[in-house]
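I opened my notebook to work through one protein chain. I wanted to write down each thing I looked up.

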Amino acid sequence: MDAAQLKNQIPALRRYARALTGSVWAADDLVQDTLERACTKWTLWTAGSNLRAWLFTIMHNIYVSDVRRIIRHQAATDPEGLEGEASGLTAPTSHADSRLDLQRCLLQLPEDQRTVLLLVALEDMSYAEVAKITGSPLGTVMSRLSRARTRLQHLMDGSPASSKRGADVVPLQRVR
């Protein structure tokens, strides 16, 4: 792996991480963890294969692991608080300002839908690349993308959400 190739991927990784986490600090941590893991596991990357997809796969797996760890930690420490927090993450209803807040609406999407939407729309990846990164079948990627677009449109319009799955979004924070 050439250091220059790796450096060329950093802006895209930061952009995706920031959109995924909604926080500059969490995004920087995620990118750092991704690059650290890539450097320690560089022997697993096959020369000539898609470095970008490999790095995004690493980032996706780290992010999913962090979210799962946070959910377990919150459930173990405050099982009732998790329910209260989840119910507070519903779509904005009447605030005109919040309807225009794309970042806020993106963070209200379920994690699986947000990931697919960001990889396709923000990183301009093909459905096949997204399927490889997320470890999901191609049809699942397409259906998640469709649901994400529909739900995001509802959130941006301020209309009631048709899916209840948006309530499981958990903000990414480090648990050490």
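How many helices and strands does the secondary structure of the protein come to? I found 9 helices and 0 strands. I kept in mind that this is a predicted model. Reading from the N terminus, I wrote the order of elements as α-α-α-α-α-α-α-α-α.

**Entry: the whole chain**

I looked up burial next. The protein has 176 residues, and buried ones make up 40% of them. Then I checked contacts between residues at least 6 apart in sequence. Of these, 69% join residues at least 24 apart.

**Entry: helix 1 and helix 2**

Helix 1 covers residues 3-21, and helix 2 covers residues 24-40. At what angle do helix 1 and helix 2 pack? I noted about 140°, with the axes 8 Å apart. Helix 1 is therefore oblique to helix 2. The label needed a check: roughly antiparallel is kept for angles over 145 degrees. I also looked up the handedness, and helix 1 passes helix 2 in a right-handed crossing.

Which residues meet here? From helix 1 I listed Leu-6, Ile-10, Leu-13, Arg-14, Ala-17, Arg-18, Leu-20 and Thr-21. Their partners in helix 2 are Val-24, Ala-26, Ala-27, Asp-28, Leu-30, Val-31, Leu-35 and Cys-39. I sorted this contact of helix 1 with helix 2 by class: 12 residues are nonpolar, 1 is polar and 3 are charged.

**Entry: Thr-34**

I stayed in helix 2 and picked Thr-34. Is Thr-34 buried or exposed? Its relative accessibility is 0%, so Thr-34 counts as buried. I then asked what Thr-34 touches, leaving out residues up to four places away in sequence. The list was Leu-55, Ile-58, Met-59 and Ile-62.

**Entry: helix 7**

I moved on to helix 7, residues 111-122. Helix 7 has 12 residues and reaches 15 Å from its first C-alpha to its last. That is close to the 16 Å expected at 1.5 Å a residue.

How many of the 12 residues of helix 7 are buried? I noted 9, and helix 7 is mostly covered. The buried ones are Asp-112, Gln-113, Arg-114, Thr-115, Val-116, Leu-117, Leu-118, Leu-119 and Val-120. Which helices do they pack against? I wrote down helix 1, helix 3 (51-77), helix 6 (102-108), helix 8 (127-134) and helix 9 (138-157).

**Entry: helix 7 against helix 9**

I took one of those partners, helix 9, for a further look. Helix 7 and helix 9 pack at about 95°, and their axes are 8 Å apart. Helix 7 is therefore roughly perpendicular to helix 9. On the helix 7 side, the contact uses Asp-112, Gln-113, Val-116, Leu-117 and Val-120. On the helix 9 side I found Val-141, Arg-144, Leu-145, Arg-147, Ala-148, Arg-149, Arg-151 and Leu-152. By class, the contact of helix 7 with helix 9 has 7 nonpolar, 1 polar and 5 charged residues.

**Entry: Asp-124**

My last stop was just after helix 7. Asp-124 lies in the loop between helix 7 and helix 8. I looked up its phi, which is positive at about 55°. Asp-124 is not a glycine, yet it takes this value. Is Asp-124 buried or exposed? Its relative accessibility is 65%, so Asp-124 counts as exposed.

Notes
Residues are numbered from 1 along each chain as its sequence is written. This is a predicted model: local features need pLDDT of at least 70, side-chain atom pairs count only at pLDDT 80 or more; totals for chains, interfaces and linings use all residues. Side-chain values use heavy atoms; hydrogens and water are left out. Axes are lines fitted to C-alpha atoms, for helices over the stretch in contact, and angles run from 0 to 180 degrees between N-to-C directions. Helices (H or I, at least four residues) and strands (E, at least two) are DSSP runs, numbered from the N terminus. Angles under 35 degrees count as roughly parallel, over 145 as roughly antiparallel, 65 to 115 as roughly perpendicular and the rest as oblique. A crossing is left-handed if the near helix is turned anticlockwise from the far one by less than a right angle, and right-handed if clockwise. Contact means heavy atoms within 4.5 Å. Ala, Val, Leu, Ile, Met, Phe, Trp, Tyr, Cys and Pro count as nonpolar, Asp, Glu, Lys and Arg as charged, and the others, Gly among them, as polar. The expected span of a helix is 1.5 Å times one less than its number of residues. Buried means under 20% relative accessible area, exposed over 50%, partly exposed in between (1.4 Å probe, protein chains only).
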